[in-house]
Amino acid sequence: MKKILLVLFCVFIAACHPVVKPVLDTGNLQRQAERELTLQKQNAWSFRGRIAVSDGQQAGTVKIRWQQRGDQFDIEISLPITNQKYRLRSFNNKVRLEGFGLVMLEDDSAEAVLQQATGWRIPFHDMQQWLRGMRTNSATRIEFAPSGLPALFRENGWLVDYRAWDAAELPMPRKVFANSSDGGKSASVRLQIEAWEVP
């Protein structure tokens, strides 16, 4: 499993950016709810960028292209240096991971498949919401940046930090850092989005 982990992830170096101090603003909650409702109606979307994962001891990054159509996803992962490709996709209520030098893995959820492949706990289901600046539930503790866009989510044992947004009419995240410390075990997922594509 460790060999698979090393194949899938290389060292990730994120550009340094000043952290925007979040502010509490209940007046933004209604606008956030309206934004989330609009995003929920978008049945198809995709992006390309880089994603990094760390368990506190090992860390790495891959290039990623994510295509979503309703509940179905098709994610292409490629190593930055060798350009070896892997594919994580859903079909017939199953999730499959396959690619160069990898025995095909299949399970009921992406979390389970990624756990088999890497040994790491990656909150894939929640990340589908977080990467678009959406909460997984309305009870989530949320803090806003001065722009009125989310700065921090605290939910399901994770702290989700929005470091940058694009300038689209409906702004979308460009940098999303999610961190968790559960029982002394740390984990982080860092997503840097280069381009969004929404029909």
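Guide: A residue is called buried when its relative accessible area is under 20%. The model is predicted.

Visitor: Why is S90 called buried?

Guide: The relative accessible area of S90 is 14%. The cut-off is under 20%, so S90 counts as buried. S90 sits in strand β4, residues 85-91.

Visitor: What makes the pairing of the side chains of S90 and Q72 a polar contact?

Guide: The two side chains are joined at 3.1 Å. A polar contact needs a pair of N or O atoms within 3.5 Å, one able to donate a hydrogen and the other to accept it, and the pair of S90 and Q72 is listed as such a contact. A polar atom of the S90 side chain also lies 2.9 Å from the backbone nitrogen of F73.

Visitor: Which residues does S90 touch, leaving out those up to four places away in sequence?

Guide: They are D71, Q72, F73 and V95. Touching here rests on heavy atoms within 4.5 Å.

Visitor: How do you know whether L114 is buried or exposed?

Guide: L114 has 10% relative accessibility. Buried means under 20% and exposed means over 50%, so L114 is buried. L114 belongs to helix α3. Beyond its neighbours within four places in sequence, L114 is in contact with L88, G119, W120, I122 and F124.

Visitor: How far is L114 from V95 in space?

Guide: The C-alpha to C-alpha separation is 9.9 Å, and the two residues are 19 apart in sequence.

Visitor: What is the volume of the largest pocket, and which residues are closest to its centre?

Guide: The volume is about 490 Å³. Of the 23 lining residues, Q68, G70, D71, Q72 and Q128 are the closest to the centre. The largest share of the lining, 4 residues, comes from α4. Elements that each supply at least two residues include α2 (29-40), β3 (72-78) and α3 (110-118).

Visitor: How does the lining of the largest pocket divide by class?

Guide: The lining has 6 nonpolar, 12 polar and 5 charged residues. Gly counts as polar in this scheme.

Visitor: What makes up the lining of the second largest pocket?

Guide: Among its lining residues are V53, S54, D55, W120, R121 and K185. By class, the lining has 3 nonpolar, 4 polar and 4 charged residues.

Terms used: Residues numbered from 1 in each chain as written. Predicted model: local features only at pLDDT ≥ 70, side-chain atom pairs only at ≥ 80, totals over all residues. Heavy atoms only, no water. 1 Å grid on protein atoms, 1.4 Å probe; cavity = no way out; pocket = protein on both sides within 12 Å on 5 of 7 lines; lining within 4 Å. Points joined across faces, edges and corners; volume = space filled by probe spheres on them. Buried < 20%, exposed > 50% of the residue type's maximum accessible area, 1.4 Å probe, protein only.
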